[in-house]
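Here is a short briefing on one structure. Please read it with the model open beside the text.

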Amino acid sequence: MVRPQRFRKTAAVLALLVFVAGCAVFGGTPDKDGEESGNSSSENAIGRTIDAMTLDEKIGQLIIAGVEGASPDRRARRMIAEQHVGGVIFYKDNLVSPEETVVYVNSLRAWNGANKAPLMLSVDQEGGIVSRLPGLERLPDAVAIGETGQPAFAGAVGELLARACTAFGFNLNFAPVLDINSNPDNPVIGPRSFGATPEVVTQMGVAEMKAIRDAGIIPVVKHFPGHGDTAVDSHLELPVVRKGLEQLRNFEWQPFAEAIRQGADAVMVAHILFPQLDGEFPSSLSRTIITDQLRGTLGFEGVVMTDDLTMGAIADHYGIGDAAVQAVEAGSDIVLVAHGYENVDRVVQALKQSVNEGRLTEKRIDESVERILQLKERYRLADKPVAIPELDGINADIRAVLKQYRQG
């Protein structure tokens, strides 16, 4: 639907006002060329930043939280300015138009100005059936890319996904999917996977990951240890996969292992119970899977984050506060709390209480904060406002790529 011209002008004025305010607030942040004044550029500087943070500020960095509605409000402002959350995730309901999205994003950045680290502003923009950003021509599902057998196609799509995220002011994309679609009864992965074999998923997924990364957007590969052989949607219930360690290493983990070898910066861990690895906790809450296997066996040193803790797989079986504490105790750096400001309150309270009671040490919190700040620094994140995007060029390039690879 084409928005009235009057609204477009109003949105443009609002965005400009936020931009001007933001320039005053964020005068010390890095620009696109990486010139710095306020942000850390070294291990020592990050260490000094952590030393200057309160416990509340550190805990905030461990949370990527959802927002409600299509425009900023006082509850979102409180979450940023008072709870210091380190990142925000946008869903379809938050993304009505390019104009309103930019006003929303710029408001969050302005409110974050007094905090010690820039925001991760994230979205699920996989292409195909998981396409959140408004006004863009649709890219193909991953399965259609995999069927071409052309990693260059996956790379071209990754670059377009990153350009789209940048245009709207996002700096983190929950993509690509590295799950192998080996179960025809899988209700949640399906066409989101590049294919049914480790070779296809590895080739295509790593090509897309590298293209997103090279275009300046943080790619988050998902859903470790592998969501392709489930017959239950973890949004609704906790899936159980009865595979052993060797089976996982020889199949599901191959794309993740190669992505890690190729420099993956962030991995999302799924809510799946693997009884042969951990009979008590699902993977997102399992020290065996996160610390022993993902970090130990596969050697991953980057940022680990959970899938959304408000999904049925967790919410129906664990208190969300307890789940957040268990996830961090297991080795996760970021907990995703995608829905409900009251859920953010519960997670903040539970994490703080766990430190006060000695279940989590502040040193353990600092380890995650350090990895998070290193990632933000590596991608030169900054709370710099963006202008309303002109999407004609991106849409033209989408059509050209689809034509080139015979998808149009």
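Is R380 buried, partly exposed or exposed? R380 is partly exposed, because its relative accessible area of 46% falls between the cut-offs of 20% and 50%. The model is predicted.

**Barrel**
- The barrel is closed by 8 strands, in the order β1-β2-β3-β4-β5-β6-β7-β8. Their pairing is parallel.
- Within it, β2 (residues 87–90) pairs with β3 (residues 120–123) in the parallel sense, over 4 bridges.
- Across that pairing, V88 stands opposite L121 in β3.
- Helix α8 (residues 198–214) packs on the sheet. It touches β4 (172–173) and β5 (218–224). The direction of α8 makes about 150° with that of β5.

**Aromatic pairs**
- A search of the whole structure gives 5 aromatic pairs.
- One of them is F90 with Y104, an edge-to-face pair. The centres are 5.0 Å apart, with 75° between the planes.
- F90 belongs to strand β2 and Y104 to helix α5 (residues 98–111), so the pair ties together parts 14 residues apart in sequence.
- F90 is buried, with a relative accessible area of 0%. Y104 is buried too, also with a relative accessible area of 0%.
- F153 and Y405 form a stacked pair, 4.6 Å centre to centre, with 15° between the planes.
- That pair links distant parts of the chain, 252 residues apart. F153 sits in helix α7 (residues 151–168), and Y405 in the segment after α16 (392–404).
- Both F153 and Y405 are buried.

**Cis peptide bonds**
- Most peptide bonds are trans.
- The bond joining A175 and P176 is cis, with omega about 5°. P176 lies in the loop between β4 and α8.
- The bond from K222 to H223 is also cis, with omega near 5°. H223 is in strand β5.

**Positive phi**
- Most residues other than glycine have a negative phi.
- H84, which is not a glycine, has a positive phi near 60°. H84 lies in the loop between α4 (74–81) and β2.
- H84 counts as buried because its relative accessibility is 15%, and the cut-off is under 20%.
- R380 is not a glycine either, yet its phi is positive, at about 55°. R380 is in the loop between α15 (362–378) and α16.

Conventions:
Residues numbered from 1 in each chain as written. Predicted model: local features only at pLDDT ≥ 70, side-chain atom pairs only at ≥ 80, totals over all residues. Heavy atoms only, no water. Pairing = 2+ DSSP bridges. Helix = DSSP H or I, 4+ residues; strand = E, 2+ residues; numbered from the N terminus. Contact = heavy atoms within 4.5 Å. Axes fitted to C-alpha atoms, helices over the stretch in contact; angles between N-to-C directions. Phe/Tyr/Trp six-rings, centres within 6.5 Å; stacked < 30°, edge-to-face > 60°. Buried < 20%, exposed > 50% of the residue type's maximum accessible area, 1.4 Å probe, protein only.
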